[in-house]
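Have a look at the structure first.

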Amino acid sequence: MVKHLYLMRHGETLFNIRRKIQGWCDSPLTKTGINQAIAARAYLRDINFDHGYSSSSERCCDTLEIVTQNKLPYIRMKELRERGFGEFEGESEDLNPKRGDSFDYDDLFPHYGGEYGYEVKERMSNTLKSIMEKKDHHNVLVVSSSGACFHFLSSVVGKEKVNKIGRLTNCCVLHFTYENGKFVLCDIIRPDVKDKKGGQ
């Protein structure tokens, strides 16, 4: 039986607009972030979700609750959190090295208590597979963060293709099918807060 996973990034947060590194630390949704979640709700309104899961971060839980209008019980899981950035948490994005610099971007954060990218990919892949293997899980909504979603997506489509997809915007939704232990990317939904279906 083909199952469906809708993996969603949270709405815009205060740290997003203040350009703060936001991994395991947290900040609230902005008004724009709330409107992004409302817009996503309109796009997902015809889907009958049977289960919901969220990162334990408040920004993800709040996004899920807005999208589902608090009508879908859900489970919080630390395993669905963003990449941990260690001592870089809450610091300016100016300290976050740009990809393609002379040193290995992925090797920096673990020296300061953070995670390697492969660790994020493994925990996201293992957690999402475990969720989708549950017998009564057919249409599942999961809310996480950009980096965590990116690493999972790369495990499905490969790093080269995921780089061509580009940035995962706030409240974008990655739609996957799941069958026989395998995820397949079907669609990427990028709700627009200016879309009339999104409301205000």
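**Strand β1 and its partners**

Six bridges tie β1 to strand β5 (residues 173-179), and the two run antiparallel; strands pair if DSSP finds at least two bridges between them. Heads-up: this is a predicted model, where local features need pLDDT of at least 70, side-chain atom pairs count only at pLDDT 80 or more, and totals for chains, interfaces and linings use all residues. Residues are numbered from 1 along each chain as its sequence is written, and side-chain values use heavy atoms, with hydrogens and water left out.

- Within the β5 pairing, Leu5 sits opposite Phe176.
- Six bridges also link β1 to strand β4 (residues 139-144), this time running parallel.
- His4 has Asn139 as its bridge partner in β4.

**Helix α4**

- Buried residues in α4 include Arg123, Thr127, Ile131 and Met132.

**α4 against α5**

- The axes of α4 and α5 (residues 146-157), lines fitted to C-alpha atoms over the stretch in contact, come within 8 Å and cross at roughly 75°.
- That makes α4 roughly perpendicular to α5 (65 to 115 degrees).
- The contact (heavy atoms within 4.5 Å) involves residues including Val120 and Leu128 of α4 and Phe152 of α5.

Terms used:
Buried means under 20% relative accessible area, exposed over 50%, partly exposed in between (1.4 Å probe, protein chains only). Helices (H or I, at least four residues) and strands (E, at least two) are DSSP runs, numbered from the N terminus. Axes are lines fitted to C-alpha atoms, for helices over the stretch in contact, and angles run from 0 to 180 degrees between N-to-C directions. Angles under 35 degrees count as roughly parallel, over 145 as roughly antiparallel, 65 to 115 as roughly perpendicular and the rest as oblique.
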